[in-house]
Amino acid sequence: MYSFEPSEEQRMLIDAIHKFAAKDLREAAHEADESGAFPEALIGKGWELGVVQASIPESLGGFGEHSAVTGVLAGEELAWGDLAGAMHILAPGLLAFPVLTAGTDEQKQKLLPPLLEGAYRAATAAWVEPFFDFDPSELRTTARKEGDSYVIDGHKCFVPLADRAEHLLVFAALDGRTQAFVVPRTTAGVTVLEREGNLGLHALPTFEVKFENCKLPATARLGGEAGFDPLVLLNTTRVALAGMAVGVSRAAYEYALDYAKDRVQFGVPIAQKQAVAFMLAEMATEIDATRMLVWEAAWTLDKGLDATHAAALAKTGADDLTMMVTDRAVQILGGHGYIREHPVELWMRNGRGFPMFTGLAMV
Amino acid sequence: MIDFEMPSPIAKQRVMLQTVAENMMRPVSRHMDEHEHEIPWDYINFMQGAMRATSAGSLAPQEKKREGPRLGYQILAHMIETLSWGDAGLYLCTPGGGLGAAAVEATGTPEQKERFLKRFQGDSPILGCMAMTEPQAGSDTSSIRTTAVRDGDFWVLNGEKIFVTAGQKSLVETKGFAVVWATIDPKAGRAGMRPFVVEADTPGMTVTKLEHKLGIRASDTASVVLQDCRIPFGNILGSAEVAKEKTTETGFKGAMATFDATRPLVSASAMGIARATVELVKELLAQQGVTIRYHLPRQKLTHIEREVIDMEVMLRSAWLLVLKAVWMADQRLPNSAEASMSKVKAGDAVTKITQRAVELLGPVAYSRKLLLEKWFRDAKINDIFEGTGQINRLVVARRILGYSSRELR
């Protein structure tokens, strides 16, 4: 039976996140973008909202059950506040969700409770590689079996919090197939390089990481000897990112709408001009339409069905949406959109990254 | 709870209608396109029989008493989408109340709904239509000049209506009716507008012209002239109050309420054409060995793969907006913004999808051997009728900005 309404419980979660996003994230976002980081206390407060924890069963240290739909609702709302902040707060999920989805019982028991119980502890994943033709299903980073061990070699980028995460979930090609390995940061052969400077996400510390002859026990392989289907995690990250892209888009749209009602030119608010009003109408329409694609893809994941098609549509739609909406928001603010006093240029810079953020969000 | 599971009654109905679309519509699609104004009686009679036999009901959005949640508009949207996958022009010939019944539903009293809509449940096929547009009043509906003047127990209507979808089939070929929008006070603008039911065979009402069109040629587009056309006083839709000049309750607002109900349904028709196009494109590409690798990042896809995925994004996101708008209607939630959003999006999507399909497949699609070129022509009407894309943007803009029609003209 069709329904396009979040449940009462989801509504309460969204409201709680919205308060945090509107007050804490928004207020700190500009300063964080300039200085390069959110205050730790703020990240801790965001963690206490329990977005990740609520999606993990009690037996594994969480307090709920997994739902991709709830996850994208939460992701949209957090990203509406600030994308870098949202990714920072949700980073433990980069390890937790793949382990929950594809890990062995032993991996779940060992990794999840310490990560989820108590205060924020950084975790991360290393999937992206610094090549224009990066393809998550055809990685240049390799893993090879050597006796009872796996040996990883390669070069990753866009690894959030790599300087502090206890574990990195490293994606590598094993016999040509993408697999993942849980790598303690202190493992010999792991080098966290200098912090990256990027077009956007200034407030999220990301790093290039090198793996040289990095030797891991057999138990480090996600899913154990059998491994896992990488497509499932690819779909998951696509859906998670698409939800966040809708959040960034909504932020820019709402800001531009308020601005257009305030800004008087030629004696009337510019929103009373069709040239501006129609842009806003199209932004609102596309946001709602894309949100439906994202919800459907998340729902497909929750059903345990093959979500490849739905996730591809959601991701493609959301990537395009973010550029369309943030660009127009900057345009509606004009010169004021181009200066850093208003947040729309920040949303435009952050939004441009979605096509290459593979693995930077999970749900 | 967010849910995308198709309700089982709808799934069952879709299977049946898909068969109709494949076997009754597609085979005559080209013929009807090339023989404009020929009446597709085979289809009309078949649908009348089929709908009575399966109690699928008429196209009039009436809510049957049923157990469980209301599904009326959702069922209709799926029905229209599937039939339009078969042929959008033929779909508009489907017996039932069409936009006429929708206007009665949106503005009529219970007694009037009973009186005017009962006919669609009979044995013979009957159509209904709505007459709004005039030569000088297209998007600006409040400037209509057709007048209604009270004369005792009658209204006397004078004026000319154009672009009446299925006017010929409603007023000449079957015993249907038109809902004619006229003004009871030409100086009052939108406040003077009222809907009137004019039945087939009413003296003074004449179908004067059938248009020759770019597409949807199986559907007639008629001009209707009203010359001292006398109709019973009770044919003004709404309570006795609406006859009074001062009230605006069911004037322009009634027209807008009608559009809130019908816009998502028109959008559903657009989606049928769009789905037909995407399916055929993928099928033809598959025959050439091209499959779409959905798991790849965009920069690794071929241009053709990107085109197809973009088309699917437009198709699916527009369809989900349509579903949301009709779901809201069934939930009795105000859906004015969503109805217009669905129309903006569906009109855009079907136009772009068919344009790009013809471009992508080149000579294969441009040829009349396939139906793609026809769908390209059929598609465009969806960005025009039932509110152009621009008018629907205006509706959406006013809603999101909280502006009146005076503040945002």
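# A guided look at chains A and B

Guide: Let's start where the chains meet: 37 residues of chain B are in contact with 42 residues of chain A. This is a predicted model, where local features need pLDDT of at least 70 and side-chain atom pairs count only at pLDDT 80 or more, while totals for chains, interfaces and linings use all residues. Residues are numbered from 1 along each chain as its sequence is written, and chains are lettered from A and ligands numbered from 1 in the order in which they are written.

Visitor: What makes residues of chain B and chain A count as "in contact"?

Guide: Their C-beta atoms, placed from the backbone, lie within 7 Å. On chain B, helices H9 (303–330), H10 (336–366) and H12 (389–401) each supply at least two residues to the side touching chain A. H9(B) gives the largest share, 11 residues. (Helices are DSSP runs of H or I with at least four residues, strands are E runs with at least two, and both are numbered from the N terminus.)

Visitor: What classes of residue make up the side of chain B that touches chain A?

Guide: That side has 23 nonpolar, four polar and 10 charged residues. Here Ala, Val, Leu, Ile, Met, Phe, Trp, Tyr, Cys and Pro count as nonpolar, Asp, Glu, Lys and Arg as charged, and the others, Gly among them, as polar.

Visitor: How do you know how confident the predictor is in chain B?

Guide: From pLDDT, the predictor's confidence in each residue, from 0 to 100. Chain B has a mean of 93, and 93% of its residues reach 70 or more. Residues 57–63 of chain B, though, stay under 50. The model as a whole scores ipTM 0.96 and pTM 0.95.

Visitor: Which residues touch the most other members of the largest nonpolar core?

Guide: A:Phe181, A:Val239 and A:Leu280, in a core of 260 residues. Such a core is a set of buried Ala, Val, Leu, Ile, Met, Phe, Trp, Tyr and Cys residues joined through C-beta atoms within 7 Å. Beyond four places in sequence, A:Leu280 is in contact with A:Ala256, A:Leu257, A:Ala260, B:Ala397 and B:Ile400.

Visitor: How do you know that strands E3 and E7 of chain A pair?

Guide: Strands pair if DSSP finds at least two bridges between them. E3(A) (149–160) and E7(A) (206–217) have nine bridges, so they pair, in the antiparallel sense. A:Ile152 stands opposite A:Cys214 in E7(A). Strand E6(A) (190–195) also runs antiparallel to E7(A), joined by four bridges, with A:Thr191 opposite A:Lys210.

Visitor: What makes a stretch of chain B a "domain"?

Guide: The bounds come from an automatic or database domain assignment. For chain B they give domain 1 (8–119), domain 2 (125–247) and domain 3 (253–401). The C-alpha centres of domain 1 and domain 2 of chain B lie 22 Å apart, and 30 residues of domain 1 are in contact with 28 of domain 2. The largest share of domain 1's side, seven residues, comes from H5(B).

How values were computed:
Contact = placed C-beta atoms within 7 Å. Buried ≥ 20, exposed ≤ 12 C-beta atoms within 10 Å, placed from the backbone.
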